[in-house]
Amino acid sequence: MADGHAVLNVTAADECIIDQGWENYTREDHNTWGTLFNRQMKTLSGHVCAEYLEGLRVLGITADNVPDFEVMNRNLRKATGWEVVAVPGLIPSRPFFDMLSNRQFPAGNFIRKPEQLDYLEEPDIFHDVFGHIPLLTNPAYADYMHAYGCAGDNAIANKGVKYLARLNWWTIEFGLIKNQGDIKIFGAGICSSYGESRYVAEDPSAHFVQFDLERCMRTGYYIDDFQATYFVIDSFEDLFTQAVERPFLPLYEKFRSLPPLTPFVLEESDQVLRRGTGGYWKDFARTKEKLK
Ligand code: HBI
Ligand code: FE
């Protein structure tokens, strides 16, 4: 999740990697992790996909303490060949994509302060690890993340990062998935957010629309509020297939001359799975603001 925040100005991936410094976490840090973990497990219960819960189990991620990457990576590598590497925060797109293409997920090693429980500007270790890492134990999702990273260089060379960032936003960060006939959460930005996970689970305002690659690449977003629409995939296998079966370059060319789509208005072509009430957004003047 990188938008509009200070980003480290290095280029090579290995220059961004730091030691996690697990022994430096204070009791307060471990307590903050535990508070966030317990609160989210309660909020997500019954609403998060089975593959996510399986990932927490496989990696032994619990409320007890901030996960130690060295310990967690032993099981993550065994599951899908991925590993988590510590970075100081947001990194430039090129090293970010390079790391994903090497099956390395860059996770900030800092944790928010107790007074920042509900929202912080920049993704911390709770967002990156509790949000993003469990699903990397799922082979199809792990392959999707790898394919996503591999698309980075070509996107940078062809002014397509905006479209990749949107695909990232509507799937990796805020995606929903069909699970045993129900619609469940898988996006890291929802899993790690108290407010947004409750909004998705309990508030009828948002539309749920069938995932469509072009619709997602063309749909802008606001980085600091809940979504007006969530896109729903059939399965991680289907998401991977859709991401790799079509070359992205022709899409970048096509989109360049088209206006962005908005999550506030349903398109004729949208396969609507749930029409939201729009209640949360009805008084928001910002729906005119520029979308990313
Ligand atoms: N850096 N640490 C980190 N985490 C991200 O999710 C991230 C990033 N840098 C760039 C970036 N994301 C975006 O460019 C992508 O979401 C497209
Ligand atoms: Fe993120």
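How many of the five residues of E6 are buried? Five of the five are, so this strand is largely enclosed by the rest of the structure. Here, buried means under 20% relative accessible area, whereas exposed means over 50% and partly exposed lies in between (1.4 Å probe, protein chains only). Helices (H or I, at least four residues) and strands (E, at least two) are DSSP runs, numbered from the N terminus.

This is a predicted model, in which local features need pLDDT of at least 70 and side-chain atom pairs count only at pLDDT 80 or more, while totals for chains, interfaces and linings use all residues. Residues are numbered from 1 along each chain as its sequence is written, chains are lettered from A and ligands numbered from 1 in the order in which they are written, and side-chain values use heavy atoms, with hydrogens and water left out.

Five strands form an open sheet in the order E4-E3-E6-E5-E7, with mixed pairing; two strands pair if DSSP finds at least two bridges between them. E4 and strand E7 (272-274) are the edge strands, each pairing on one side only. On average, neighbouring strands of this sheet are turned by 40° against each other, direction ignored. For such angles, axes are lines fitted to C-alpha atoms (for helices over the stretch in contact), and angles run from 0 to 180 degrees between N-to-C directions.

The individual pairings can be followed across the sheet. E3 and E4 are antiparallel partners, joined over four bridges, and Leu176 stands opposite Ile185 in E4. E3 also pairs with E6, this time in the parallel sense and over two bridges; here Ile177 stands opposite Ile233 in E6. E5 and E6 run parallel and are joined by four bridges, with Val209 standing opposite Phe231 in E6.

Both faces of E6 are covered: Thr229, Phe231 and Ile233 are buried on one side, and Tyr230 and Val232 on the other. E5 is likewise covered on both faces, with His207 and Val209 buried on one side and Phe208 and Gln210 on the other. Thr229, found in strand E6, has a relative accessible area of 0%. Thr229 and Phe208 are 21 residues apart in sequence, yet 5.8 Å apart in space, C-alpha to C-alpha. Not counting residues up to four places away in sequence, Thr229 touches Trp170, His207, Val209 and Pro263, where contact means heavy atoms within 4.5 Å.

In helix H11 (residues 194-202), the buried residues are Glu196, Ser197, Tyr199 and Val200. Seen down the axis of H11, these residues fall within an arc of 160°, so they line one face of the helix. The arc is that of the directions from the helix axis to the C-beta atoms. The cover over the buried residues of H11 includes helix H2 (27-44), helix H10 (188-191) and strands E3 (176-179), E4 (182-185), E5 (207-210) and E6 (229-233).

In helix H3 (residues 50-59), Tyr52, Gly55, Leu56 and Leu59 are the buried residues. They fall within an arc of 100° when seen down the axis of H3, so they too line one face of their helix. An α-helix has 3.6 residues a turn, so residues three or four places apart point the same way. What covers the buried residues of H3 includes H2, helix H4 (69-80), helix H6 (125-132) and H10. After H3 comes Gly60, whose phi is positive, near 65°.

A metal site comes next. His127 (NE2), His132 (NE2) and Glu173 (OE) coordinate the iron ion (ligand 2) at 2.0 to 2.2 Å. Donors are N, O and S atoms within 2.8 Å of the metal (3.2 Å for Na, K and Ca); water is not among the atoms, so sites may look incomplete. In sequence, the donor residues are spaced H-x4-H-x40-E. The pair of His132 in helix H6 and Glu173 in helix H9 (residues 161-173) links distant parts of the chain, 41 residues apart. His132 is buried at a relative accessible area of 3%, and Glu173 is buried at 0%.

Finally, the structure holds zero disulfides, a disulfide being a pair of cysteine sulfur atoms within 2.5 Å. For Cys49, the nearest cysteine sulfur is that of Cys191, 6.8 Å away, which is too far for a bond. Cys49 is buried at 0% relative accessibility, and Cys191 is buried with a relative accessible area of 0%.
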